[in-house]
Amino acid sequence: MQKKLICLALGAAALAPAISMADAQVYGRVDVSLDMNSQEVEGDTTEDNFELESNASRLGFKGSKELDNGWTAHFKMEYGVDVDDGDGTFSQRSIYGAIKTNFGELLVGKQDTPGKKAQGKLDLFGDHTADFNKVTTNEIRPDNLIQYTSPKLADAIKLKVALIPGEGSGADGATGADEDNGLADASSISAAYSSGPIYAAVAIDSDLAKSGIDDRTIFALGYKMDNLKLGFLYETGESNDGNTESTAFALSAGLTVGKNLFKAQYLSGEKEVNSLTDKETSVFALGVDHKLAKKTKGYVEFTSMSEDVSDTDTTKLAVGFQHNF
């Protein structure tokens, strides 16, 4: 542990001049909940258990600097941390550098794909038990990403194109002629429309593997007016060999009353292997967020998840807080 602290201190000292020059700031999130879990497998109820969970807590540095030609350089270095036990090492999240011009932005590094970003802010239980990713496969943060983001077109539309070089690693660990050595061995593109109360997006991923799915199409639709927000996401995908297919959709609804956000979410997903149902999952969640300060909230969430193939039903009651800094 002492060696880790010394290395971290030396790294921070080395980064300090660069961070200062880039007008950097330290930021992060602490999200911790006490969860009560109950599970039934084929009608047999297991004992309840309690867990203290760190929900995608993070620590990061970000900054920007205006260049002499009017462009802007900016960067982010974000790491996941475990608040509940503190024994885990830092894990990489988004780490990139970017240049923003009047013609758009060029970003390189490790970052969420356009396919993931297409869902916008529709997921009201993000990073918690009822996260969209319980049934979808689009939430990918690859290494070696090269992304172009257009300026806003017609004051409403943004385009994103991301290329991911394979750097010599084939999908099946291939070597020689089958190695992935191109500029776009995998890719993700999206178009998002945002104007007034309407948000709509479509994205296409190619050769981005997750949960047995390589290619996927994502459709997202959101509506926000006054204190009401509604969301819909649909995803369809398949493996490169065509043997595995998946479909998933998500519905979300939130109503703000005073300092409280009352929220509900329903998720459904199905995966087929060789035309046979391999996994079918449904998730239903209810919750309320209570705003304690500008960057702090407490929450209570109830989640029920069912997996038909394994005949498993899981329920979770979570009580927690989230603080951003």
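What does the accessible surface of the protein chain come to, and what share of it belongs to carbon and sulfur atoms? After that, please go through the salt bridges.

Analyst: The model is predicted. The accessible surface of the protein chain comes to about 17800 Å², and carbon and sulfur atoms hold 56% of that area. The chain has 325 residues, of which 36% are buried. Its secondary structure consists of two helices and 18 strands. Among contacts with a separation of 6 or more, 47% are between residues 24 or more positions apart.

A search of the whole structure finds 12 salt bridges. One of them joins E78 and R93, with the closest N and O atoms 2.6 Å apart. This pair links distant parts of the chain: E78 belongs to strand β5 (residues 72-80) and R93 to strand β6 (residues 91-101), 15 residues apart. Both E78 and R93 are buried.

Another salt bridge is formed by K110 and D143, whose closest N and O atoms are 2.8 Å apart. K110 counts as buried because its relative accessibility is 17%, under the 20% cut-off. D143, at 41% relative accessibility, counts as partly exposed.

K117 and D112 also meet through their side chains in a salt bridge, at 3.9 Å from N to O. D112 is buried, with a relative accessible area of 8%, whereas K117 has 38% relative accessibility and so counts as partly exposed. The two residues are part of a network of salt bridges that links D112, K116, K117 and R141.

Strand β8 also holds Y148. Y148 is partly exposed, at 36% relative accessibility. The C-alpha atom of Y148 is 5.7 Å from that of K160, although the two residues are 12 apart along the chain. Leaving aside neighbours within four places in sequence, Y148 is in contact with F103, G104, E105, L159, K160 and V161.

Charged residues also gather in surface patches. These are made of residues with no salt bridge. The positive patch is formed by K62, K259, K291, K294 and K295. K291 sits in strand β16 (residues 276-293) and is partly exposed, with a relative accessibility of 46%. A negative patch brings together E40, E42, D44, E280, D308, D311 and D313. Of its members, E40 lies in strand β1 (residues 25-41), and its relative accessibility of 33% makes E40 partly exposed.

Two backbone angles complete the picture. Most residues other than glycine have a negative phi. D207, which is not a glycine, has a positive phi near 60°. D207 is found in the loop between β11 (198-206) and β12 (215-225), and at 39% relative accessibility D207 counts as partly exposed. A154 has a positive phi of about 55°, and A154 is not a glycine either. The loop between β8 (145-149) and β9 (157-164) contains A154. A154 counts as exposed because its relative accessibility is 72%, over the 50% cut-off.

How values were computed:
Residues are numbered from 1 along each chain as its sequence is written. This is a predicted model: local features need pLDDT of at least 70, side-chain atom pairs count only at pLDDT 80 or more; totals for chains, interfaces and linings use all residues. Side-chain values use heavy atoms; hydrogens and water are left out. Patches are made of residues with over 30% relative accessible area and no salt bridge: like charges are joined within 9 Å, nonpolar side chains (Val, Leu, Ile, Met, Phe, Trp, Tyr) within 5 Å. Accessible areas come from the Shrake-Rupley method with a 1.4 Å probe; for residues, only the protein chains shown count as cover. A salt bridge is a side-chain nitrogen of Lys or Arg within 4 Å of a carboxyl oxygen of Asp or Glu. Lys and Arg count as positive and Asp and Glu as negative; His and the chain ends are not counted. The place of a charge is taken as NZ of Lys, CZ of Arg, CG of Asp or CD of Glu. Helices (H or I, at least four residues) and strands (E, at least two) are DSSP runs, numbered from the N terminus. Buried means under 20% relative accessible area, exposed over 50%, partly exposed in between (1.4 Å probe, protein chains only). Contact means heavy atoms within 4.5 Å.
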